[in-house]
There are 2 protein chains.
Amino acid sequence: MVTIREVAKRAGVSVATVSRVLNKKGYVSPKTREKVEQSIHDLKYKPNDVARSLFKGKSKMIALLVPDIMNPFFPELARSVEDICNSYGYTFVLCNTDHSIEKELAYLNALQQKSVDGLIIVSSTLTGEHTKEINVPIISLDRTFDTNLSNVKSNNRQGARLAAEHLKVIDCKVIAHITGPENASNTEERKQGYLDVVKDEEWFSTDYIVSGDYNMQKAKDAIKKLLLEHPEIDGLFVGNDVMGAGALKAIEELEMQVPHDISIIGFDGISLGETTTPTLTTVAQPIYKMGSRAAELLIEQINDPDIPKKTVEFPVELIERQSTRKRR
Amino acid sequence: MVTIREVAKRAGVSVATVSRVLNKKGYVSPKTREKVEQSIHDLKYKPNDVARSLFKGKSKMIALLVPDIMNPFFPELARSVEDICNSYGYTFVLCNTDHSIEKELAYLNALQQKSVDGLIIVSSTLTGEHTKEINVPIISLDRTFDTNLSNVKSNNRQGARLAAEHLKVIDCKVIAHITGPENASNTEERKQGYLDVVKDEEWFSTDYIVSGDYNMQKAKDAIKKLLLEHPEIDGLFVGNDVMGAGALKAIEELEMQVPHDISIIGFDGISLGETTTPTLTTVAQPIYKMGSRAAELLIEQINDPDIPKKTVEFPVELIERQSTRKRR
DNA sequence: TTGAAAGCGCTAACAA
DNA sequence: TTGTTAGCGCTTTCAA
């Protein structure tokens, strides 16, 4: 690695001057600048970011903590965060936490030691207790786990209402809801939206609410059990699209037809929902926008730590596909 | 951030001594060690990795370059690389290159400036010309783009033979092949495997080989066109599972039945193939193992740069599901 | 067994 | 307009 000193020597100037042209800061005469640039070019000099980081106490790195990149919801989120990071000159670090508080804490530690400039976190387990130890900006994304943080999410409750309403409009008579993990804030919000619409129906019972943990296999098992016990169910609002795919498989195994025997609507709007047969009606979140907005917000906070915290809530949209259809 | 100096002062020793207990290097009397550890604990001291990196010229970071994390093949790969990185104390950096040589080069540059310790690269566009400029170990993964590098891949050719054989065994009479992008080494290998099996068949024609670019939409369009022109095709070997999902959709739109009218087999073994209807027969690669082996190999090379380069080729496995069935 | 001090490569006062 | 130098926080010789 060629250093700034070598560049300076070759150009016949001091390292300070080289630093000045590098950072376009302070006065440098055109002539000198020319010489320095020539030297940089000749030596193929690339500044050492680690040294810079040490001096500045900043690393130009941003980390995203997600439960598991193998859940197809997260790649899209990760992608958008990375894109924004890059466009602002930040390096993107991806961390899978497996919903484990230990892993989350371990990452928080490790990342701080690396002087990351900011964090975007999707978590259901962290709390203000943990985040207050961190002295870099944090944005919570998709889920709200610490109200002191800026938060980017979609309107889950409204989305769930949309979903339940849709099933009602197409004349489903008994609508069940498969939820995500209990501690996730969006699980609760989606459940509330569902309740807003159905809790006063005469058929309503909490027996129609079961957990699928946002997991395909778990949802599939839960749904098979539920439908066997409650054959009257003809509408299913599943808390995310991954579970929607599981629902489709469950119902196939029960030798029932979607949407003939039962209509299904998911949540998220990931592309998986377009590859199933039938394709999955869903409430789509603007996933890419959510990720990019979170990244932009974070960078704003990095640049000005005193900026007030914000909560950004994106609207959602019903996308009708083949898994729901008018009954009777 | 509390520094080593403060720890030293509180313990009444020099920073060198603190460093010794931190790194468990050199002699420290039990008594002194005790004092230092107490001080570290009291101050909640965490060593600054950036300073360490600057001194050592190493960052304990490993980067993975993939075309696009939104392609479901890559999350699994990324996941396994990250897991191994973590277990060896490395931080994992994910980079999407969009198959763009400019982005790849930009990342190579940026990562070097950050003193990354090693790279794992999935690429079809980089060459030895580019990688020779890099002075950290590199492993090529999934595709071979520079024979000077250690390489981890699966036996694509054999896998393709398995696929084509399978279609033959179930009595498909005309078997087409949808390929990946031209410049990807595994596209070529899979095509060769297909040719090994079918090139001497009397029905064979290169018209039955069309590109789908490993892309669902492109594959779908290409397949619709192909089947319209060649209704005699009753077996389809698609170069990856993502295109397999596209094939299923294409055939659905043509109002044909899988596997009744046409059998389809994919490649990769990603979980997407289990969520389609019908589920997708495929040649499965040990994706997680490929990623973890690549990471292990890389770490070996980081620890000993003189270690000879290796090529690891994993066997593949035919997984029969619903999209293929015996004909006649 | 411990400490002093140089230095990793860079930036930014401060001086000239 | 440019140079000298301290120092970011750490590790590691070298000396004591």
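How many helices and strands make up the secondary structure of chain A? The points below start there.

1. **Basis.** This is a predicted model; local features need pLDDT of at least 70, side-chain atom pairs count only at pLDDT 80 or more, and totals for chains, interfaces and linings use all residues. Residues are numbered from 1 along each chain as its sequence is written, while chains are lettered from A and ligands numbered from 1 in the order in which they are written.

2. **Chain A overall.** Chain A has 13 helices and 12 strands. Helices (H or I, at least four residues) and strands (E, at least two) are DSSP runs, numbered from the N terminus. The radius of gyration of chain A is 26 Å, well over the 20 Å that the globule rule gives for 328 residues, so chain A is more spread out than a compact globule. The radius is taken over C-alpha atoms, and the rule is 2.2 Å times the number of residues to the power 0.38. The C-alpha trace spans about 85 × 40 × 30 Å along its principal axes.

3. **Burial and contacts in chain A.** Of the 328 residues in chain A, 52% are buried. A residue is buried if 20 or more other C-beta atoms lie within 10 Å of its own, exposed if 12 or fewer, and partly exposed in between, with C-beta atoms placed from the backbone. Take contacts between residues at least 6 apart in sequence: 70% join residues at least 24 apart. Contact means C-beta atoms, placed from the backbone, within 7 Å.

4. **The A–B interface.** In chain B, 34 residues are in contact with 34 residues of chain A. Elements giving two or more residues to the chain B side include α4 (49-56), α5 (73-87) and α6 (101-113) of chain B. That side divides into 15 nonpolar, 12 polar and seven charged residues. Ala, Val, Leu, Ile, Met, Phe, Trp, Tyr, Cys and Pro count as nonpolar, Asp, Glu, Lys and Arg as charged, and the others, Gly among them, as polar.

5. **DNA strand D.** The largest share, six residues, comes from α2(B). By class, the surface has 16 nonpolar, nine polar and three charged residues.

6. **Helix α3(B).** This helix covers residues 30-43 and reaches 20 Å between its first and last C-alpha, close to the 20 Å expected. The expected span is 1.5 Å times one less than the number of residues. V36(B), S39(B) and I40(B) are buried in α3(B). Seen down the axis, the buried residues fall within an arc of 100 degrees, so they line one face. The arc is that of directions from the helix axis to the C-beta atoms. The face turned away carries exposed P30(B), K31(B), H41(B) and D42(B). The buried residues pack against α1 (4-11) and α2 (15-23) of chain B. Just after α3(B), K44(B) takes a positive phi of about 50 degrees.

7. **I270(B).** This residue lies in the loop between β9 (263-268) and α12 of chain B. I270(B) is buried, with 26 other C-beta atoms within 10 Å. Leaving aside neighbours within four places in sequence, I270(B) is in contact with P72(B), F73(B), E76(B) and D241(B).

Note on methods:
Contact = placed C-beta atoms within 7 Å.
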